[in-house]
Amino acid sequence: MVGALLLIGCGAQKVPHANELNDNKIRLYLKNLLSEKDNFDQTKKLAEAGDMEAQNTLGLMYEVGANVPQDYKEACRWYLKAAEQGLQEAQFRIAIHYFMGNGVVEDYVTSFVVLVNNHLNSTL
């Protein structure tokens, strides 16, 4: 508490929200990883063939707008495909989208159920 007051008193700049930092890191990572259209096309082919890691990567690309227009609905479509195959990162991301109502209808119950199932699967 005292540290926060000292920072405020010193005119410290606003700290970016954690989601903003994560989105920027993801966007930079994906732009470096997928800097060419060929890489996007290859990732999409793998995703369409059922590769859950590629589906999750495609979801990330659409979520943050890396080399594609930002599209939460399309991001959720790919996250769901990967989540249904058991990819925990995709399960977590789709749960957040249900909680926030980004790309899907806001649904706290579904978000909670997905998070609990994700947690139970990670502890088994």
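User: What should I know about the source?
Analyst: This is a predicted model, where local features need pLDDT of at least 70, side-chain atom pairs count only at pLDDT 80 or more, and totals for chains, interfaces and linings use all residues. Residues are numbered from 1 along each chain as its sequence is written, and side-chain values use heavy atoms, with hydrogens and water left out.

User: How many residues of H4 are buried?
Analyst: 11 of its 13 residues; buried means under 20% relative accessible area with a 1.4 Å probe, protein chains only. Helices are DSSP runs (H or I, at least four residues) numbered from the N terminus.

User: What caps the N-terminal end of H4?
Analyst: Asp51 does, with a side-chain oxygen 2.9 Å from the backbone nitrogen of Glu53.

User: Gln55 next. Buried or exposed?
Analyst: Gln55 is buried, at a relative accessible area of 4%. Its side chain lies 3.3 Å from the backbone nitrogen of Ala82.

User: Which residues in H4 meet H6?
Analyst: Asn56, Leu60 and Glu63 in H4 meet Glu89, Ala90, Arg93 and His97 in H6, where contact means heavy atoms within 4.5 Å. The residues of that contact divide into 2 nonpolar, 2 polar and 3 charged. Asp, Glu, Lys and Arg count as charged; Ala, Val, Leu, Ile, Met, Phe, Trp, Tyr, Cys and Pro count as nonpolar, and the others, Gly among them, as polar.

User: And what follows H4?
Analyst: Gly65, with a positive phi near 75 degrees.

Definitions and conventions:
Helices (H or I, at least four residues) and strands (E, at least two) are DSSP runs, numbered from the N terminus. Buried means under 20% relative accessible area, exposed over 50%, partly exposed in between (1.4 Å probe, protein chains only). A polar contact is a pair of N or O atoms within 3.5 Å; within protein, one must be able to donate a hydrogen and the other to accept it, and residues adjacent in sequence count only if both atoms are side-chain atoms.
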